[in-house]
Each structure stands twice: as structure tokens, then as C-alpha cells.
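New notebook page, new structure.

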Amino acid sequence: MNLLFAIDDNVTQQLMTTLYSIKQNSTIDKYSVYVIQDKKLQETDRIKQFCQKLGMHYHPVIIKDDQFDQAPTTDRYPKTIYYRLLAYKYLPKNIKKILYLDVDILVINDMKPLYNLDLKDYWYAAASHVSLDVTDNLNKLRLGNYETESYYNSGVMLMDLEAIRKNVKAQDIFDYINKKGRTLFLPDQDILNGLYGQNIMMIPDEIYNYDARMNPLYFAKSNGKWDIDWVIDHTVILHFCGRDKPWKLDYKERYSGLYKHYQHKAESI
């Protein structure tokens, strides 16, 4: 399984917590972990040793160009978030498929079915959270893409690198940034949806990108079926979206204890 992350020095422990949860709950034997970074991470040696103990192969991918210097960034959305859009440029050419993951997730069931998903003619597979809100049509209007089926969360993406290499162009991305500018609320995610939303296969968010903030809405949407027991048995990826994160001391939401358990186990390795 090829895994892709894009991080900076602020979330190296979160990376290791996510990796630990993957190793504990997935049935894949071999893992290659590619971590895109704009400079060598300070904890590189620790990450490498951690991956070795898990039986994973760590591959730092250090970006040395300035292509995204003019892209919209904030403290919440650093330049590294754009690297996933052009990941194919920085990854080995022989890699045909890779699974991109944010580091604010836990994997609590087997990821193998997701990784082995047949993408058919799609370039990506991702989940949408719009059934939990009413912003779908607004996003299509804002981004100017009416062909896409929905608005997709970019925190979990299965990527067909062969198709992406043929079709995704850096200049298209730069032109879109220049055109849309300040209308990009979630810059890289908006770009993905605005340019390539019609090329994304939808996967169920309750399974592969469960928004941990939205427990009551999932429960209501399923008429009471998707309770905490169902999530533990069926959900593969818990995604702690938003500003409140489970590694913060004041985080008290559902699944906070579960996250802290995996964090503690990862820290002890």
C-alpha cells in the first residue's frame, strides 16, 4: 500500500498516530509511506525509526521549488496543502496508485477494500460531506463546476497516478488560483473540486471519511442506525475535521478517548 501525506514540523506526532492506527487495523502486509515536505522535517530520524518498527518504509519527498509561493495560504492552510494536487510530479514514476490521507484521522477498520477499489475511468475516489449540510449548490456556483456530482473532501483520496499524470496540469491549477483568488475558502479542496470534481468517484463518507463533528447528523440521517457501536464495527476512517483537534487537551468530543488511546500507543513505540 502506497500512502501519501503532506505535512510540516507541527504535526509529526499526528502522522505517527495515524500510521499506528493503520498498521493496527489494516490487513496489508507492505506499506510505503511518502511524506511531502517543503524542507526536511526536524523529526526525520524519529519518523524513520518509527516506521521501521511498524514494518513500514519511509520515503521523505522534499519539495525544492517555489511553484506555490503566490498561492493563498494562512496559518491553517500552509503551502504544503497544495502539494497533493501535483503529487505525481514529485513521486517515483513507477507508482501507479497512492492513497492520500490527512493526519487528523484515525483508521479503525481495514483500509484494504478502499485501496483495492476499481476506479474505472475516474482519476480519484473521495467522499462528500454535503449530505450533512446544504452547501452543495452554493459550492458549485462558487467554484463554477456544475458537472461534478458533489463537493468532495480532500482529506482522504485514492489517486490513480497514471490518469492524473496524463490529465492534471500545473498551469491549469495556477490559472484557476489566479481566477478565483479570495473565493477559495478551502484552497486546495476548492481547486480539486472546481477543476476535477467530475473526475472523482464518490465513496461513502460514513465508511471512509466519517466527520467526527457530525455524530448527531449521521445518527439522524440513518434513522438511528449509525450509532457509536455501528461506527466502531463499520467505519474505516474517522476524520477529525475542523479547528478542534483530538490531540488538544481541551478536546472532549466523542471519540476523543479513542484518539488519545492510539496517540498513547504510538508515543510508546
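Before anything else, I note what buried means here: under 20% relative accessible area, with exposed over 50% and partly exposed in between (1.4 Å probe, protein chains only). This is a predicted model, so I keep in mind that local features need pLDDT of at least 70, side-chain atom pairs count only at pLDDT 80 or more, and totals for chains, interfaces and linings use all residues. Residues are numbered from 1 along each chain as its sequence is written, and side-chain values use heavy atoms, with hydrogens and water left out.

**Rings**

I looked up the aromatic pairs and got 10 in the structure. Rings of Phe, Tyr and Trp (its six-membered ring) pair if their centres lie within 6.5 Å; planes under 30 degrees apart are stacked, over 60 edge-to-face, and the rest tilted. One of the pairs is tyrosine 210 with tyrosine 218, stacked at 4.1 Å centre to centre and 15° between the planes. Are these two buried or exposed? Tyrosine 210 is buried at 1% relative accessible area, and tyrosine 218 is buried too, at 0%.

Next I checked tryptophan 247 and tyrosine 259, a tilted pair with 5.9 Å between centres and 50° between planes. This pair links distant parts of the chain, 12 residues apart: tryptophan 247 is in the loop between strand 10 (237–239) and helix 12 (256–267), and tyrosine 259 is in helix 12. Helices (H or I, at least four residues) and strands (E, at least two) are DSSP runs, numbered from the N terminus. Tryptophan 247 is partly exposed at 22%, whereas tyrosine 259 is buried at 0%.

I also found one aromatic cluster made of Tyr210, Tyr218, Trp226, Trp230 and Tyr255.

**Helix 12**

I stayed with this helix for a while. Which of its residues are buried? They are Ser256, Tyr259, Tyr262, Gln263 and Ala266. Down the axis of helix 12 they fall within an arc of 130° (taken from the directions from the axis to the C-beta atoms), so they line one face. Covering the buried residues, by contact (heavy atoms within 4.5 Å), are elements including helix 1 (12–25), helix 2 (44–54) and strand 5 (105–107).

**Cysteines**

How many disulfides does the whole structure hold? I got zero, counting a disulfide as a pair of cysteine sulfur atoms within 2.5 Å. I noted that cysteine 51 is buried at 0% and that cysteine 241 is buried at 8%.
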